[in-house]
Structure formats: C-alpha cells, structure tokens
Amino acid sequence: QVQLVESGGGLVQTGGSLRLSCAASRRTVSVYAMGWFRQAPGKGREFVAGIRWDGGIRDYADSVKGRFTIFRDNTKNTVYLQMNSVKPEDTAVYYCAVDSRIHRATIPLQAADFGSWGQGTQVTVSS
C-alpha cells in the first residue's frame with residue numbers, strides 16, 4: 001500500500017501563492033490518477049483537483065479553476081498543487097489521494113474512488 005506525505009501548507013495572505021507537495025512511497029503518479037481534496041471545519045471533504053495517470057487531462061473544482069494548477073513530477077514520484085490568488089475560503093486541510101484503479105481513463109471525482117490518502121496539510125488564508 002502506498003504511503004503519501006503532504007507538505008507545503010501554512011499561512012498565506014489573500015492574493016498570495018502556495019505550493020503543496022505530495023510525495024508517494026513508491027511509483028504511483030505515472031500509473032494512477034492523483035487527486036487533491038480539502039476539508040474545512042464542519043464541512044465535508046471536497047474535490048479540488050485531479051490529474052489522470054498519464055497527465056493527459058486535468059480537472060478542477062469550479063471554485064479553484066483558473067487559480068490552482070495540479071501537476072506531477074514522475075522522477076520524484078510527487079504530485080503538486082500550485083495555489084495562486086488564494087482566498088480566505090480556500091482555508092482548509094488539504095489531502096492528496098491515489099486512485100484505487102490503475103490507468104483510469106477519466107478523472108475520479110469522489111473520495112470513494114481513491115484508495116490511499118495522505119495525512120493532510122493545513123492551509124490558512126488570512127483576510
């Protein structure tokens with residue numbers, strides 16, 4: 001079972017940028033879709049961004065489209081979430097996750113589609 005470690009969270013001011021990293025313990029990002037989810041206090045875990053196993057397609061929640069970018073580095077077996085123009089409503093714990101299936105043709109959008117999760121990293125956007 002793959003282990004995922006998120007990093008890069010912290011405090012950032014409105015309009016600023018932050019880059020989150022998710023490192024996998026074994027070869028993962030080139031054979032599985034990867035996703036980023038977030039969860040704010042009192043709210044459910046919501047989809048933020050996903051990337052297909054081959055990087056061919058990417059998808060984003062409407063709330064972050066145009067501001068966030070998901071990308072991967074196969075040599076480092078790491079997926080990233082570049083967060084630009086952040087807003088206070090982006091404040092949440094961010095989790096990365098690995099698809100439960102290899103070579104899925106589409107971007108999985110539901111938490112139940114993912115088989116492994118990181119521990120989460122806190123992002124706080126000051127207003």
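Q: Which residue in E8 stands opposite Ser21?
A: Tyr80 in E8 stands opposite Ser21. Keep in mind that this is a predicted model. The two strands concerned are E3, residues 18–24, and E8, residues 78–83; they pair in the antiparallel sense over 6 bridges.

Q: How should I picture the side chains along a strand?
A: In a regular strand, side chains alternate between the two faces of the sheet. Here the strands belong to an open sheet of 4 strands.

Q: In what order do the strands of this open sheet lie?
A: The order is E1-E3-E8-E7, and the pairing is antiparallel. Strand E1 (4–7) and strand E7 (68–73) are the edge strands, since each pairs on one side only. From one strand to the next, the twist averages 15°.

Q: How many residues lie between E7 and E8 in their hairpin?
A: There are 4 residues between E7 and E8. The two strands pair in the antiparallel sense over 6 bridges. Asp73 stands opposite Thr78 in E8.

Q: Is Asn77 buried or exposed?
A: Buried means under 20% relative accessible area. Asn77 has 10% relative accessibility, so it counts as buried.

Q: Where does His103 lie, and what is its phi?
A: His103 lies in the loop between E9 and strand E10 (114–117). Its phi is positive, about 55°, although His103 is not a glycine. At 42% relative accessibility, His103 counts as partly exposed.

Q: What is a disulfide, and which cysteines form one here?
A: A disulfide is a covalent bond between the sulfur atoms of two cysteines. To find one in a model, look for a pair of cysteine sulfur atoms within 2.5 Å. By this rule the count comes to 1 disulfide. Cys22 and Cys96 form it, with their sulfur atoms 1.9 Å apart. The pair links distant parts of the chain: Cys22 is in strand E3 and Cys96 in strand E9 (residues 92–102), 74 residues apart.

Q: Why is the disulfide of Cys22 and Cys96 called right-handed?
A: The torsion about the S-S bond is about 60°, so this disulfide is right-handed.

Q: Are Cys22 and Cys96 buried or exposed?
A: Cys22 is buried, because its relative accessible area is 1%. Cys96 has 0% relative accessibility, so it counts as buried.

Key: Residues numbered from 1 in each chain as written. Predicted model: local features only at pLDDT ≥ 70, side-chain atom pairs only at ≥ 80, totals over all residues. Heavy atoms only, no water. Pairing = 2+ DSSP bridges. Axes fitted to C-alpha atoms, helices over the stretch in contact; angles between N-to-C directions. Buried < 20%, exposed > 50% of the residue type's maximum accessible area, 1.4 Å probe, protein only.
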